Amino acid sequence: MTRTPKEIFKHHAETLVAGDLEGVVSDYAEDAVFISPTGVKRGKAGVREAFAQLLSELPDAKWALPSQIYDGDALFLEWTAKSKENQVEDGVDTFLFKDGFIRLQTVRYTLKKV
């Protein structure tokens, strides 16, 4: 049975909080598209690269998700994170889900020193 968007995102959030890079990547389709202000990354390799950077910028961070709005196969997400060195107060993502995986994600955040 295919996972729902809420089930996929629940696993995504759990693995991200745990710092489990491969767990995060496992939620993405083989041909996933990851779009950020730095450009477009494709496939699991691109997703791995993007999240390796995020986890290095925010090691052992405390994460908060003040807004999660689902509509069918789409999710709008606002988030914050704070580590010992850096913080994000304005994280915004959009996810599109298909066939039990994340097919597309956009992300925008401002990294600030604590």
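These legends accompany close-up views of a predicted model.

**View A. Arg 3 and its place in the chain.** Let's start with Arg 3, which sits in the segment before helix 1 (5–17).

**View B. The contacts around Arg 3.** Leaving aside residues up to four places away in sequence, Arg 3 touches Ile 8, His 11, Asp 27, Gly 100 and Phe 101. Two of these neighbours are worth a second look. With Asp 27, the polar contact runs from side chain to side chain, at 3.0 Å.

**View C. The largest pocket and its centre.** Moving on, the largest pocket holds about 420 Å³ of space. Which of its 27 lining residues come closest to the centre? They are Phe 34, Leu 54, Trp 79, Val 107 and Tyr 109.

**View D. The lining of the largest pocket.** Helix 1 and helix 3 (43–57) each give two or more residues to this lining. So do several strands, namely strand 1 (28–36), strand 3 (62–71), strand 4 (74–82), strand 5 (86–98) and strand 6 (101–108). By residue type, the lining comprises 18 nonpolar, five polar and four charged residues.

Note on methods. Residues are numbered from 1 along each chain as its sequence is written. This is a predicted model: local features need pLDDT of at least 70, side-chain atom pairs count only at pLDDT 80 or more; totals for chains, interfaces and linings use all residues. Side-chain values use heavy atoms; hydrogens and water are left out. Helices (H or I, at least four residues) and strands (E, at least two) are DSSP runs, numbered from the N terminus. Contact means heavy atoms within 4.5 Å. A polar contact is a pair of N or O atoms within 3.5 Å; within protein, one must be able to donate a hydrogen and the other to accept it, and residues adjacent in sequence count only if both atoms are side-chain atoms. On a 1 Å grid over the protein atoms alone, a cavity is a set of points where a 1.4 Å probe fits but cannot get out, and a pocket is an open set with protein on both sides within 12 Å along at least five of seven lines; lining residues have an atom within 4 Å of a point. Grid points are joined across faces, edges and corners, and a volume is the space filled by probe spheres set on the points. Ala, Val, Leu, Ile, Met, Phe, Trp, Tyr, Cys and Pro count as nonpolar, Asp, Glu, Lys and Arg as charged, and the others, Gly among them, as polar.
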